[in-house]
Amino acid sequence: MATIFCGGRIRSVVIWPLGGFTVCGVVERGDVLDEIWVAMAGPFMHIPQVAFWVAVYAFASGGDFSEFRKDVDLDVLEVVDKVGFLQVVAQQACILNAALFLFNLGVPCYPLDCGRCLAAILVSSGWSIHTTCWILSILSIFVGFCLSAWGFWVFIFIRSTGGIFMVIVACFILHFGQQLLACARRDNAVATLNHPLFDQPCYRVVHRAAMLRTENVFSPVANTGSDEPAELTIRRTRVTVV
């Protein structure tokens, strides 16, 4: 919805352990900050979902939140009635949506939405797209290794199967981080702009503007003095990059 509101288009949908994300972009208006709005729209959809499940839990429990907790013994599901089962589902759905919201907007790596926001902020602050690609690739790989180590620790020492899920998510983050790193190592603006993160018209507009500021041709021009020798001056000619 945010992409369509900004005049963009949705290219594809990628399914991964955290649900999925869309490969989309904003129209060619040169406003990279629109990417922040589009990236944040997804995680913020978890807020009305949290409110919905809180309302469902309140309805099922009669407004009593004293039994609302994060951990649930699965054996309880065998003895509770339909109302109790609805309470368990509602509280777990509420916690899951809150966790996804915090994870998506709190972990600065690609392909999470926080990584997209960070890329837009860095580029709009004057960092080059190639440097931004380096920063995000290093952050993504670092987060991937940390998350995988945490997952193994949770699985081995706490004996929680949630650790396996963390390792799977970490593998996906490492995979996307390696793709970003491969683009950054090419040291080629075209290769970087072809990556799904930066393959947006607004980033291409920023790249063209940067080229206009940096690529200048200097040509000597003779000064038309009467009796004095011609003095060579520098005339700066701007090159238009297409």
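Modeller: Helices are DSSP runs of H or I with at least four residues, strands are DSSP runs of E with at least two, and the numbering starts from the N terminus. Also keep in mind that this is a predicted model.

Biologist: Great, thanks! How many helices and strands does the protein come to?

Modeller: The secondary structure comes to nine helices and four strands. Reading from the N terminus, the elements go α-β-β-α-α-α-α-α-α-α-α-β-β.

Biologist: And what percentage of the 242 residues is buried?

Modeller: Buried residues make up 35% of the 242.

Biologist: OK, new topic. Where is arginine 159, and what is its phi?

Modeller: Arginine 159 sits in the loop between H6 and helix H7 (162–185). Its phi is near 60°, a positive value in a residue that is not glycine.

Biologist: Is arginine 159 buried or exposed?

Modeller: Arginine 159 counts as exposed, because its relative accessibility is 72% and the exposed class covers values over 50%.

Biologist: Now helix packing. At what angle do H2 and H5 pack?

Modeller: Helix H2 (residues 33–44) and helix H5 (residues 113–124) pack at about 165°, and their axes are 8 Å apart. That makes H2 roughly antiparallel to H5, since angles over 145 degrees fall in that class. The crossing of H2 past H5 is left-handed.

Biologist: Which residues make the contact?

Modeller: From H2 there are Leu33, Glu35, Ile36, Val38, Ala39, Met40 and Pro43. H5 brings Asp113, Arg116, Cys117, Ala120, Ile121 and Ser124. Sorted by class, the contact of H2 with H5 has nine nonpolar, one polar and three charged residues.

Biologist: What about H2 and H3: roughly parallel or roughly antiparallel?

Modeller: H2 and H3 pack at an angle of about 10°, with axes 5 Å apart. H2 is therefore roughly parallel to H3. The contact is made by Gly42, Pro43 and Phe44 of H2 together with His46, Ile47 and Pro48 of H3. Those residues divide into four nonpolar, two polar and no charged.

Biologist: Switching to rings: how many aromatic pairs are there?

Modeller: The count comes to eight aromatic pairs. One of them is tyrosine 57 with phenylalanine 68, which is edge-to-face: 5.0 Å centre to centre, with 85° between the planes. Tyrosine 57 is in helix H3 (residues 46–61) and phenylalanine 68 is in the loop between H3 and helix H4 (82–106), so the pair ties together parts 11 residues apart in sequence.

Biologist: Are those two buried or exposed?

Modeller: Tyrosine 57 counts as buried, at 1% relative accessibility, whereas phenylalanine 68 is partly exposed, at 28%. The cut-off matters here, because buried means under 20%. Tyr57 and Phe68 also form one aromatic cluster with Phe65.

Biologist: And how do tryptophan 153 and phenylalanine 157 pair up?

Modeller: Their ring centres are 6.0 Å apart and their planes are at 35°, so the pair is tilted. Both lie in helix H6 (residues 129–158), four residues apart, which is about one turn of the helix. Tryptophan 153 is partly exposed at 44%, while phenylalanine 157 is exposed at 61%.

Biologist: Last one! What does glutamate 67 touch?

Modeller: Leaving out residues up to four places away in sequence, glutamate 67 touches Tyr57 and Gln91. Glutamate 67 is found in the loop between H3 and H4 and counts as partly exposed, at 48% relative accessibility. Glutamate 67 and glutamine 91 are 24 residues apart in sequence, and their C-alpha atoms are 9.7 Å apart in space.

Definitions and conventions:
Residues numbered from 1 in each chain as written. Predicted model: local features only at pLDDT ≥ 70, side-chain atom pairs only at ≥ 80, totals over all residues. Heavy atoms only, no water. Phe/Tyr/Trp six-rings, centres within 6.5 Å; stacked < 30°, edge-to-face > 60°. Buried < 20%, exposed > 50% of the residue type's maximum accessible area, 1.4 Å probe, protein only. Axes fitted to C-alpha atoms, helices over the stretch in contact; angles between N-to-C directions. Parallel < 35°, antiparallel > 145°, perpendicular 65-115°, else oblique. Left-handed = near helix turned anticlockwise from the far one by under 90°. Contact = heavy atoms within 4.5 Å. Nonpolar A, V, L, I, M, F, W, Y, C, P; charged D, E, K, R; others polar.
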